[in-house]
Amino acid sequence: MGEAPAPAHVDIEELLRGYDVDDLTVATVCSHTSLQIFHGARKEGYKTLGICLGPQPRFYEAFPRAAPDAFLSIERYTDLLRLEQQLRAQNVVVIPTGSIVEYLGADNFLRLRVPTFGNRKVLQWESDRARQREWLDRAGIPMPRLLPDPAQIDRPVFVKLHGAKGGRGAFIAKNSAEYYKVNPQVPHTIQEYVVGTRYYLHFFYSPLSDVGYRCSRGTLQLLGLDRRDESNVDEMYKLGAQEVLRDLGIYPSFVVTGNIPVVLRESLLPKVFAMGEAVVETALDLFGGMIGPFCLETIVTDKLEFRVFEISSRIVAGTNLYTTGSPYADYLADDLSTGRRIAQELRAAASKGKLASVLS
Ligand code: AMP
């Protein structure tokens, strides 16, 4: 098992002392899903704050309905640790995104003494691939098989380099000869290559709601689905077969550059909810629950079986497709984005006097 970030020592009840829970400011870093988070928070009547490096980014001028009410301009992300008191004085709640966790670093994020939406303890299970596999295994989630020994390669495999951002350096080998040709000299994982179609499932778990798809505690919603557009792998076929390109020094990369809306064959929905529910229940057992948005990153085979290759336990960028609803969110409410759903959860928790149960 690899190194997981140190546990959070933030006492949320203490952080919320002195907060005016009816006058929260919803804050996030100016990147990733910020337009949607600000847009949704505003619809729910919240003030918004955009955290940016240097001068405020100009692209918000182009999107006035999704621009934050104010900006907090800092020189480096770790300045947030210095500004904790100022943020708390404004009743700030930080909405975590992949950008915040990456820019601030997992350890700093865990010790930030500002209330954040969701349960920060999830990071200890998510940020390390071995622990993540343990969590999903315990939940009974089907995943791509691991092949710990290259000599065992008897099928196409996907080789992932440890800690590589955006799938950099990952490669596909159709047999062991292709693997040994690359022969990576850095730590890596060899997975079976799952042949199928990719679906990224956007869930929302509310520990407070009791109306809808009920779990042992709270309810689970499906707010949308997307597929990621990855450069250069998604278009490299235009140049020819990967083997030929490799000889020219051109390798596939998996850097996400955009997202595409999709819907799922309806008969797969029971499996989708069963998987979502299983990770929610296991999260409750392991670390007190995963609150709010999360995403299962899946491949569906032609046997209509899911393989989950990753879980992301916060809002994912694919939700940016659905700023005013999705083919699934429309069956829950009008005009419902994941950003807005987060703001609604804050509102519901505050009105029940249970803000601490959706923050950490
Ligand atoms: P990751 O580095 O896990 O985010 O994966 C990067 C890309 O590889 C994504 O396009 C995934 O769909 C794809 N991928 C990841 N794992 C597998 C797998 N075991 N089989 C096939 N494709 C995969």
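This is a predicted model: local features need pLDDT of at least 70, side-chain atom pairs count only at pLDDT 80 or more; totals for chains, interfaces and linings use all residues.
I take buried to mean under 20% relative accessible area, exposed over 50%, and partly exposed in between, with a 1.4 Å probe and protein chains only. Residues are numbered from 1 along each chain as its sequence is written, and side-chain values use heavy atoms, with hydrogens and water left out.

**Entry 1: Glu44**

I looked up Glu44 and found it buried, at 16% relative accessibility. Helices (H or I, at least four residues) and strands (E, at least two) are DSSP runs numbered from the N terminus. On that assignment, Glu44 sits in the loop between helix H2 (34–43) and strand S2 (47–53). I then listed its contacts (heavy atoms within 4.5 Å). Setting aside neighbours within four places in sequence, Glu44 is in contact with Arg340, Ala343, Gln344 and Arg347. I next checked polar contacts, which are pairs of N or O atoms within 3.5 Å; within protein, one must be able to donate a hydrogen and the other to accept it, and residues adjacent in sequence count only if both atoms are side-chain atoms. The side chains of Glu44 and Gln344 form one at 3.4 Å. I also noted that the C-alpha atoms of Glu44 and Ile342 are separated by 9.7 Å, although the two residues are 298 apart along the chain.

**Entry 2: Ser313**

I found Ser313 in the loop between strand S13 (306–312) and helix H12 (338–351). Ser313 is buried, with a relative accessible area of 7%. Its side chain makes polar contacts with the side chains of Glu126, at 2.8 Å, and Arg314, at 3.5 Å. Not counting residues up to four places away in sequence, Ser313 touches Val122, Glu126, Met290, Pro293 and Phe294.

**Entry 3: nonpolar cores**

I defined a nonpolar core as a set of buried Ala, Val, Leu, Ile, Met, Phe, Trp, Tyr and Cys residues joined through side-chain atoms within 4.5 Å. The largest has 49 residues, and those with the most contacts inside it are Phe117, Leu346, Leu355, Val358 and Leu359. H12 gives the most to this core, with five residues. Another core, of 36 residues, lies apart from it and includes Phe294 and Val308.

**Entry 4: helix H11**

I recorded 19 residues for H11 (residues 269–287). Its buried residues include Leu269, Val272, Phe273 and Phe287. Just after H11, Gly288 takes a positive phi of about 90 degrees.

Notes
The expected span of a helix is 1.5 Å times one less than its number of residues.
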